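User: I have a structure open and would like to talk through how it is put together. Can you take me through it?

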Amino acid sequence: MKTAHLLQMTDSTFPVGTFSFSNGLETASHLGIVHDADTLEQYTRSVARQGAFSDGVAALIAYRATLAGSLEEVELIDRELMLFKMNDEARMMLQRMGKKLAELGVKLFPDCKVMADWLTDIKEGKTPGTYPVAQGISFAAAGLSEEDLFASHQYGVINMVLSAALRCVRVSHYDTQLILQRLCAESDALFEEAKDMTFEDMNSFVPEMDIFASLHEKGNMRMFMN
């Protein structure tokens with residue numbers, strides 16, 4: 001059953017809206033910065049590393065707080081993660097997907113009090129409701145491991161970019177699957193670095209992506225929400 005939960009929450013059809021976002025790829029493609037398989041792999045690796053040491057760390061902290069039954073700590077990392085994001089579109093992505101997963105989570109895990117109370121506070125505007133935090137709560141409620149959580153998070157970040165690439169970059173399914181295989185193989189090493197990080201250790205210095213986001217807010221490329 002645990003393996004089934006892992007597959008369910010990692011599946012690209014899991015209804016949280018990942019298909020609506022490109023993690024900045026749309027702008028990078030429009031500007032010609034990402035234009036083939038090699039540049040796509042470089043871009044996706046940067047996104048994966050950024051995600052590992054920011055959202056991935058937040059998810060792990062939320063996972064541990066859920067096991068400890070600490071809604072206060074869950075909401076602390078939730079608010080801190082929002083402050084960590086520099087552009088509006090990144091915040092919008094985290095909140096939309098987070099609320100969707102929280103609404104689904106209370107149905108999948110009705111005995112998880114932290115999830116139910118967190119969703120109530122999201123609706124009341126007391127906490128932003130970010131997606132990595134929702135992942136951490138959900139994986140704790142499902143009885144899955146920290147390694148499972150981190151692998152699923154990384155897979156989701158990588159696959160979000162590669163799925164978008166099929167619609168806006170000149171690459172094939174063969175290209176994206178090879179990139180997915182190579183980057184997922186790097187997740188174990190990223191987990192070893194991220195697992196002992198606290199909020200103060202989180203980092204995501206990839207300024208080009210924030211520039212892409214600011215350009216996207218004013219641009220005409222609108223296949224994706226960011």
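Analyst: What follows goes through the cores, some helix faces, the salt bridges and a few single residues. Keep in mind that this is a predicted model.

User: Start with the inside. Which residues touch the most other members of the largest nonpolar core?

Analyst: That core has 44 residues, and those with the most contacts to other members are Met9, Val74, Ile77, Trp118, Val133, Ile137 and Phe150. At least two residues each come from α4, α5, α6, α7, α8, α9 and α11.

User: Which helix gives the largest share of this core?

Analyst: α4, with eight residues.

User: And is there another core apart from that one, and what is in it? Which residues are among its members?

Analyst: Another core lies apart from it and has 21 residues, including Ala48, Val171, Leu183 and Phe212. As a general point, nonpolar side chains in soluble globular proteins tend to be buried together.

User: Back to Trp118. What is it in contact with, leaving aside neighbours within four places in sequence?

Analyst: Trp118 contacts Leu71, Val74, Glu75, Asp78, Gly98, Ala102, Thr127, Gly129, Thr130, Val133, Ala134 and Ile137.

User: Which residues are buried in α7?

Analyst: Trp118 is one of them, along with Val114, Met115, Leu119, Asp121 and Ile122. Viewed down the axis of α7, these buried residues stay within an arc of 160°, so they line one face of the helix. Lys113 and Lys123 are exposed on the other side of α7.

User: What covers the buried residues of α7?

Analyst: The cover includes α4, α5, α6 and α8. There is also a backbone detail just after α7, where Gly125 has a positive phi of about 75°.

User: Now α11. Which of its residues are buried?

Analyst: Ser187, Leu190, Phe191 and Ala194. Their arc around the axis is only 105°, which puts them on the same side of α11. Among the elements that cover them are α3, α4, α9 and α10.

User: Change of topic. How many salt bridges does the structure hold?

Analyst: Eight. One of them joins the side chains of Lys85 and Asp55, at 2.8 Å from N to O. Lys85 sits in the loop between α5 and α6 while Asp55 belongs to helix α4, so the pair ties together parts that are 30 residues apart in sequence.

User: Are Lys85 and Asp55 buried or exposed?

Analyst: Lys85 is buried, at 14% relative accessible area. Asp55 is buried as well, at 9%.

User: What about Glu146? Which side chain does it meet in a salt bridge?

Analyst: Glu146 pairs with Arg64, at 2.7 Å from N to O. This links distant parts of the chain, since Glu146 is in helix α9 and Arg64 in helix α4, 82 residues apart. Glu146 counts as buried at 18% relative accessibility, whereas Arg64 is partly exposed at 31%.

User: Some single residues now. Where is Ser54 found?

Analyst: Ser54 is in the loop between α3 and α4. With a relative accessible area of 1%, Ser54 is buried. Leaving aside neighbours within four places in sequence, Ser54 contacts Phe84, Lys85, Met202, Asn203 and Ser204.

User: And Thr176, buried or exposed?

Analyst: Thr176 is buried, because its relative accessible area is 3% and the cut-off for buried is under 20%. Thr176 belongs to helix α10, residues 173-184. Not counting residues up to four places away in sequence, Thr176 touches Leu40, Leu162, Leu166 and Val171.

User: Last one, the surface. Which residues form a nonpolar patch there?

Analyst: Leu31, Ile33, Ile211 and Leu215, which together have about 350 Å² of accessible area. Leu215 is in helix α12, residues 207-218, and counts as partly exposed at 41% relative accessibility.

Conventions. Residues are numbered from 1 along each chain as its sequence is written. This is a predicted model: local features need pLDDT of at least 70, side-chain atom pairs count only at pLDDT 80 or more; totals for chains, interfaces and linings use all residues. Side-chain values use heavy atoms; hydrogens and water are left out. A nonpolar core is a set of buried Ala, Val, Leu, Ile, Met, Phe, Trp, Tyr and Cys residues joined through side-chain atoms within 4.5 Å. Buried means under 20% relative accessible area, exposed over 50%, partly exposed in between (1.4 Å probe, protein chains only). Helices (H or I, at least four residues) and strands (E, at least two) are DSSP runs, numbered from the N terminus. Contact means heavy atoms within 4.5 Å. Patches are made of residues with over 30% relative accessible area and no salt bridge: like charges are joined within 9 Å, nonpolar side chains (Val, Leu, Ile, Met, Phe, Trp, Tyr) within 5 Å. Accessible areas come from the Shrake-Rupley method with a 1.4 Å probe; for residues, only the protein chains shown count as cover. A salt bridge is a side-chain nitrogen of Lys or Arg within 4 Å of a carboxyl oxygen of Asp or Glu. The arc is that of the directions from the helix axis to the C-beta atoms.
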